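Here are my notes on this one, as promised. Have the structure open while you go through the points.

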Amino acid sequence: MAGPASPLTTHVLNIAMGVPGSNMAINLYRQDPSTNTWSLITTGTTNADGRCPGLITKETFTSGVYRLRFETAQYWESMGETCFYPYVEIAFTINDPGQKYHVPLLLSRFSYSTYRGS
């Protein structure tokens, strides 16, 4: 996607094979603080480098609780593999939407890890 840089980025790395996690579906949600329900903000698919640009605009990025859902079963199935985790959801809190946030996913068929990057 072209356009301004998203203040929220992600990167999927297939650490079992040492390659980017390309062509993985991702959904971004925001939690309503008054009802605790989740609203879908956008969907995307990782590119050849395992990145999903344009997740959210600076104008719509506000303080709150967000969730990234990575469709890992579909990803592994596309390579003829099975996995233990059919999806991975990472929930995180944004206190200062003026900052840049990077939420990578390090993935194998039987494990995953994440951290807050910048």
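1. His11 sits in the loop between strand E1 (8-9) and strand E2 (12-14); helices (H or I, at least four residues) and strands (E, at least two) are DSSP runs, numbered from the N terminus. Bear in mind that this is a predicted model, with pLDDT of at least 70 needed for local features and 80 or more for side-chain atom pairs, while totals for chains, interfaces and linings use all residues. Residues are numbered from 1 along each chain as its sequence is written, and side-chain values use heavy atoms, leaving out hydrogens and water.

2. His11 counts as buried because its relative accessibility is 11% (buried is under 20% relative accessible area, exposed over 50%, partly exposed in between; 1.4 Å probe, protein chains only). Beyond residues up to four places away in sequence, His11 touches, among others, Asp49, Arg51 and His102 (contact: heavy atoms within 4.5 Å).

3. Arg51 is in the loop between strand E5 (38-45) and E6. With 35% relative accessibility, Arg51 is partly exposed. Its contacts, leaving aside neighbours within four places in sequence, are Thr10, His11, Thr45, Thr46 and His102.

4. Unreviewed UniProt entry: the "binding site" annotation covers His11, Arg51 and Tyr115. Such annotations may be inferred rather than shown by experiment; positions follow the numbering used here and feature names are shortened.

5. Now the core. The largest nonpolar core has 22 residues, and Leu8, Leu68, Phe70 and Phe92 have the most contacts inside it (a set of buried Ala, Val, Leu, Ile, Met, Phe, Trp, Tyr and Cys residues joined through side-chain atoms within 4.5 Å). E7 gives the largest share of this core, 4 residues.
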